[in-house]
Amino acid sequence: MAVAALMGILTAGVASGGTATAKEAAASPTDGWTQTSFTYSMHKPWNLDLSERYRYDSGSKTHTMWVNSTDEPLEEGSSTDPRTEMRWQQEYTSGQHMWDADVYVPSGTNGADIMQILRVKHPSGTPATDIMFRASSENGGTLRRYTDTVIKSGIYNKWWNLKVAHNAGTGKIQVYADDKPVLTVDDRGPATRHFKNGVYHHGNGRAEARFRNIRYWVK
């Protein structure tokens with residue numbers, strides 16, 4: 001069947017927490033940012049119903065996405081690898097934008113990109129992504145920028161927080177694992193972009209990722 005799209009709107013609601021010192025508050029990666037709403041559609045293997053590769057738990061507000069290496073691609077006849085992903089509808093060419101979520105990767109997921117900044121419109125000859133994060137099986141589960149820089153190890157079977165902030169004006173991308181800065185890199189030049197998260201699988205077997213407390217921040 002044709003690709004099914006599920007539109008969701010996550011309304012901003014900045015959570016209020018316990019008391020924090022001024023120093024602690026200033027250390028937050030979201031200090032000075034504004035949380036806002038976002039919309040998304042779902043990408044999945046073209047010949048499957050969405051429910052066969054995606055589940056949302058309203059109690060825990062957890063999005064679970066999985067795919068098998070033998071699954072069909074997003075579109076019939078495509079040469080791309082199989083995926084189940086949330087495709088954010090908010091496209092941008094300027095300003096500062098941050099993707100923020102708690103992430104859970106079950107053991108066995110190996111070779112799947114779980115988050116990316118996609119350059120949906122980009123000059124010919126330039127890369128299709130500014131950054132991607134791939135989960136592999138090393139060291140109890142390891143997340144890397146593409147296949148090089150380690151973002152975090154020991155990620156299997158636990159919740160942890162990933163933040164990706166992009167300043168399209170300066171061309172800088174900052175990555176935080178559990179609110180600690182782990183990487184600053186350049187983007188790939190001017191483009192129209194959007195965020196994606198889920199599993200875009202380049203490995204073997206089954207790949208799964210779960211997301212909760214998904215937030216969108218802007219400056």
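Student: Arg-83 and Glu-85, are they buried or exposed?

Tutor: Both Arg-83 and Glu-85 are buried. Bear in mind that this is a predicted model.

Student: OK. What do the side chains of Arg-83 and Glu-85 form?

Tutor: A salt bridge, with an N to O distance of 3.5 Å.

Student: And how many salt bridges does a search of the whole structure find?

Tutor: The search gives 17.

Student: Give me another one. What about Asp-130 and Arg-119, how do their side chains meet?

Tutor: They meet in a salt bridge at 3.2 Å, N to O. Asp-130 sits in strand E9 (residues 129-136) and Arg-119 in strand E8 (residues 112-121), so the pair ties together parts that are 11 residues apart in sequence.

Student: Buried or exposed, that pair of Asp-130 and Arg-119?

Tutor: Asp-130 and Arg-119 are both buried.

Student: Next, Lys-163 and Asp-179. What is the N to O distance in their salt bridge?

Tutor: It is 2.6 Å. The pair links distant parts of the chain, 16 residues apart. Lys-163 is in strand E12 (residues 159-167), while Asp-179 is in the loop between strand E13 (172-177) and strand E14 (180-186).

Student: Why is Lys-163 classed as buried?

Tutor: Because its relative accessible area is 5%, and buried means under 20%.

Student: Which class does Asp-179 fall in?

Tutor: Asp-179 is partly exposed, with a relative accessible area of 37%.

Student: Which residues are joined with Lys-163 and Asp-179 into one network?

Tutor: Asp-100 and Arg-215; the network comes from salt bridges that share partners.

Student: Change of topic: Thr-142. Where is it?

Tutor: Thr-142 is in strand E10 (residues 142-145). Thr-142 is buried, at a relative accessible area of 1%.

Student: What does the side chain of Thr-142 reach?

Tutor: The backbone oxygen of Glu-138, at 2.6 Å. The Thr-142 side chain also has a polar contact of 3.4 Å with the side chain of Ser-153.

Student: Leaving aside neighbours within four places in sequence, which residues is Thr-142 in contact with?

Tutor: Arg-134, Ala-135 and Ser-136 are among them, and so are Val-150, Lys-152, Ser-153 and Ile-155.

Student: And how far apart are Thr-142 and Tyr-156 in space?

Tutor: The C-alpha to C-alpha distance is 7.9 Å, with the two residues 14 apart in sequence.

Conventions. Residues numbered from 1 in each chain as written. Predicted model: local features only at pLDDT ≥ 70, side-chain atom pairs only at ≥ 80, totals over all residues. Heavy atoms only, no water. Salt bridge = Lys/Arg side-chain N within 4 Å of Asp/Glu carboxyl O. Buried < 20%, exposed > 50% of the residue type's maximum accessible area, 1.4 Å probe, protein only. Helix = DSSP H or I, 4+ residues; strand = E, 2+ residues; numbered from the N terminus. Contact = heavy atoms within 4.5 Å. Polar contact = N/O pair within 3.5 Å; in protein donor to acceptor, adjacent residues only side chain to side chain.
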